[in-house]
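Hi,

Here is the structure I promised to pass on. Have a look at it first, then read my notes below.

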Amino acid sequence: IKMKNLVYLAFIALLFSACAKDGEDGKDGATGNANIQAFNFSTTPGSWITNGTAGQNDHYKFVEFPVAAITQAIMDDGMVLVYLNEAGYNVALPIVLPVSSSQYINLYTGVTIGKVEVDLQLNTLQTPNSSGINWDFKVVVASGLARISHPEINWKDYNQVARTFNL
């Protein structure tokens, strides 16, 4: 038993003697989170581009936002979320907004490396009237690590995402 204690003490002594401080601590970095980034975009009526022919399925209006943080790694393992600020609330896309009792707008997104596209399409496939569309959007780009490390987050709830990552 004494030999075991001696070996144990020698191991502890070796472990602590191998630790040395060879310099000063580095400076603290900026507050934030490298695994998630948020971007704000605003649209005006002139921002929206018409695509396709009225009455056809390919008929919609769209706007593109440049987002350099959307890399191949994000496309492979991360996620990109888009929120519309509607009456002071950040609502995750896709969403359906009523226009009248018989019309509604589908708002949905497309994501490619370096950009986000937001599309709006009327259920009637007619040209959406974008004359009053001054909308604000938030685009959140999260790495795969951020997504996997926080399974408890409701990613559709921007306020929860913002609180968790100090956005």
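Let's start with strand β4: 6 of its 8 residues are buried, so β4 is largely enclosed by the rest of the structure. Buried here means under 20% relative accessible area, exposed means over 50%, and partly exposed is in between (1.4 Å probe, protein chains only). Helices (H or I, at least four residues) and strands (E, at least two) are DSSP runs, numbered from the N terminus.

Before going on, a word on where this comes from. It is a predicted model, so local features need pLDDT of at least 70 and side-chain atom pairs count only at pLDDT 80 or more, while totals for chains, interfaces and linings use all residues. Residues are numbered from 1 along each chain as its sequence is written, and side-chain values use heavy atoms, with hydrogens and water left out.

As for pLDDT, this is the predictor's confidence in each residue, from 0 to 100. The chain has a mean of 83, and 80% of its residues reach 70 or more. Over residues 14–19 pLDDT stays under 50, and the model has 0 contacts beyond four places in sequence for them. (Contact means heavy atoms within 4.5 Å.)

Now back to β4 and its sheet. Strands of a sheet pair through backbone hydrogen bonds, either parallel or antiparallel. In this open sheet of 4 strands, the order is β1-β9-β4-β5 and the pairing is antiparallel. The edges are β1 (36–42) and β5 (89–92), each with a single partner strand, so one side of each is left without a neighbour in the sheet. On average, neighbouring strands of this sheet are turned by 25 degrees against each other, direction ignored. (Axes are lines fitted to C-alpha atoms, for helices over the stretch in contact, and angles run from 0 to 180 degrees between N-to-C directions.)

Which strands does β4 pair with? With β9 (residues 136–142), β4 (residues 79–86) pairs in the antiparallel sense over 7 bridges; with β5, also antiparallel, β4 is joined by 4 bridges. Two strands count as paired if DSSP finds at least two bridges between them. Val 82 has Val 139 as its bridge partner in β9. In the hairpin of β4 and β5, 2 residues lie between the strands, and Ala 87 takes a positive phi near 55 degrees.

Helix α4 (residues 158–165) lies across β1, β4, β5 and β9, and runs at about 50 degrees to β9.

How many salt bridges are there? The count comes to 1, where a salt bridge is a side-chain nitrogen of Lys or Arg within 4 Å of a carboxyl oxygen of Asp or Glu. Glu 64 and Lys 115 form it, with the closest N and O atoms 3.1 Å apart. The pair links distant parts of the chain, since Glu 64 is in β3 (residues 60–66) and Lys 115 in β8 (residues 115–122), 51 residues apart. Glu 64 is partly exposed at 38% relative accessibility, and Lys 115 is partly exposed at 30%.

Finally, Gln 121 also belongs to β8 and is buried, at 12% relative accessibility. Its side chain reaches the backbone oxygen of Asn 57 at 2.9 Å and that of His 59 at 3.0 Å.

Cheers

Conventions. Polar contact = N/O pair within 3.5 Å; in protein donor to acceptor, adjacent residues only side chain to side chain.
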